[in-house]
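Me: I would like to learn how to read a model of a protein with a ligand. Please go through it one feature at a time.

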Amino acid sequence: MRTVLLLGGTGEGRALAAALTGFRVVSSLAGRVSAPRLPVGEVRIGGFGGVDGLVDHLARERVDAVVDATHPFAERITANARAACARARVPFLVLRRPGWTERPGDRWQWVASVAEAAAAVAGRRAFITTGRQELAHFTAGVARTVDPPDPPVPGVRVLLDRGPYTVDGEVALLREIRAEVLVTKDSGGDMTAAKLVAARHLGLPVVVVRRPPLPDVDVVGTVAEAVEWLTRGSGAG
Ligand code: NAP
């Protein structure tokens, strides 16, 4: 049976692990979240030790294909996986859900980084949903994160929660904290899109952090296409 290493930490990663049959699938999580939602099947947790560590892992585990279903902003692991697969001559696919698109009534401002987003919202009461890792760029506002930021960020109030969220719930929350602006990454997907609809309903501006560019490799946008790539395409070897 062929072995697929599935780099996860996303809803797509879990969906792909559940959808794949006829392969040995090992899902890999970074170990950032204290109580991660686990995919079905085999799971390993923790970094590989850079490109060299991943090359060793691919050989040791006799991995036949790697699917990178990590978050669109998890730039380092994607670059590492690409380099390791090239070196080990293992087929590599990126599964990247499409980004969000602006609709009529939206008031979006695109920025290049979380740091730029923090500068763009300075002086306004911001609802920050860009994750805890770069929260230190902000000096005020309300942030929603899965785990508490460590160390805490002075001036930023933290709400611990994780999706999926509803539009009604997001409208109520934005009202309750009297948000003047929403800050988000262009993560895409349904799990966290309700906040964008809520902001539209309330006429709130949104600062959207642009995605890092994708590497020049095979990329698909859906779980079904990834299954097909593995069963019929390059992943079948
Ligand atoms: P990153 O900056 O791209 O990667 C940093 C290091 O973490 C990597 O070099 C690797 O360590 C390790 N790593 C990352 N993803 C891994 C995985 N799936 N399996 C094993 N090791 C992994 O990653 P990140 O942005 O911190 O994201 C970490 C995890 O959280 C990913 O699984 C991602 O899908 C998920 N996530 C990220 C975001 C976000 O906004 N960035 C949001 C939601 C979920 P070594 O070099 O030691 O191998």
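Predicted model: local features only at pLDDT ≥ 70, side-chain atom pairs only at ≥ 80, totals over all residues.

Me: Which polar atoms of the protein lie by oxygen atoms of the ligand?

Reply: Look for N or O pairs within 3.5 Å. Lys 185 has a polar side-chain atom 2.6 Å from a ligand oxygen. For Gln 133, a polar side-chain atom is 3.0 Å from an oxygen of the ligand. Ala 74 takes part through its backbone instead: a polar backbone atom there is 3.3 Å from a ligand oxygen. As for cover, the ligand taken alone exposes 810 Å², of which the protein buries 81%.

Me: Now the nonpolar core. How many residues does the largest one have, and which have the most contacts inside it?

Reply: A core of this kind is a set of buried nonpolar residues joined through their side chains. The largest one here has 18 residues, and Phe 127 and Val 206 have the most contacts inside it. Helix H5 (167–176), helix H6 (194–202) and strand S11 (206–209) each give two or more residues to this core.

Me: What is Val 206 in contact with, beyond its neighbours within four places in sequence?

Reply: Its partners are Arg 107, Trp 108, Gln 109, Leu 182, Thr 184, Leu 196 and Ala 199.

Me: Take Thr 3 next. Is it buried or exposed?

Reply: The cut-off for buried is under 20% relative accessible area. Thr 3 counts as buried because its relative accessibility is 7%. Thr 3 belongs to strand S1, residues 2–7. Apart from residues up to four places away in sequence, Thr 3 touches Arg 24, Glu 61, Arg 62, Val 63, Asp 64 and Ala 65.

Me: And Pro 154, buried or exposed?

Reply: Exposed requires over 50%. Pro 154 is at 68% relative accessibility, so it counts as exposed. Pro 154 sits in the loop between strand S8 (141–145) and strand S9 (156–160). Its C-alpha atom is 37 Å from that of Arg 82, and the two residues are 72 apart along the chain.

Me: Where are there cis peptide bonds?

Reply: Read omega: the bond from Asp 150 to Pro 151 is cis, with omega near 0°. Pro 151 is in the loop between S8 and S9. Gly 163 and Pro 164 are also joined by a cis peptide bond, with omega about 0°. Pro 164 lies in the loop between S9 and H5.

Me: Which residues other than glycine have a positive phi?

Reply: Arg 62 is one of them, with phi near 50°, and Arg 178 also has phi near 50°. Arg 62 is in the loop between helix H2 (50–60) and strand S4 (65–68), and Arg 178 is in the loop between H5 and strand S10 (181–185). Arg 62 is exposed, at 67% relative accessible area. Arg 178 counts as exposed at 55%.

How values were computed: Residues numbered from 1 in each chain as written. Heavy atoms only, no water. Polar contact = N/O pair within 3.5 Å; in protein donor to acceptor, adjacent residues only side chain to side chain. Areas by Shrake-Rupley, 256 points an atom, 1.4 Å probe, with all protein chains shown as cover. Core = buried A, V, L, I, M, F, W, Y, C linked by side-chain atoms within 4.5 Å. Buried < 20%, exposed > 50% of the residue type's maximum accessible area, 1.4 Å probe, protein only. Helix = DSSP H or I, 4+ residues; strand = E, 2+ residues; numbered from the N terminus. Contact = heavy atoms within 4.5 Å.
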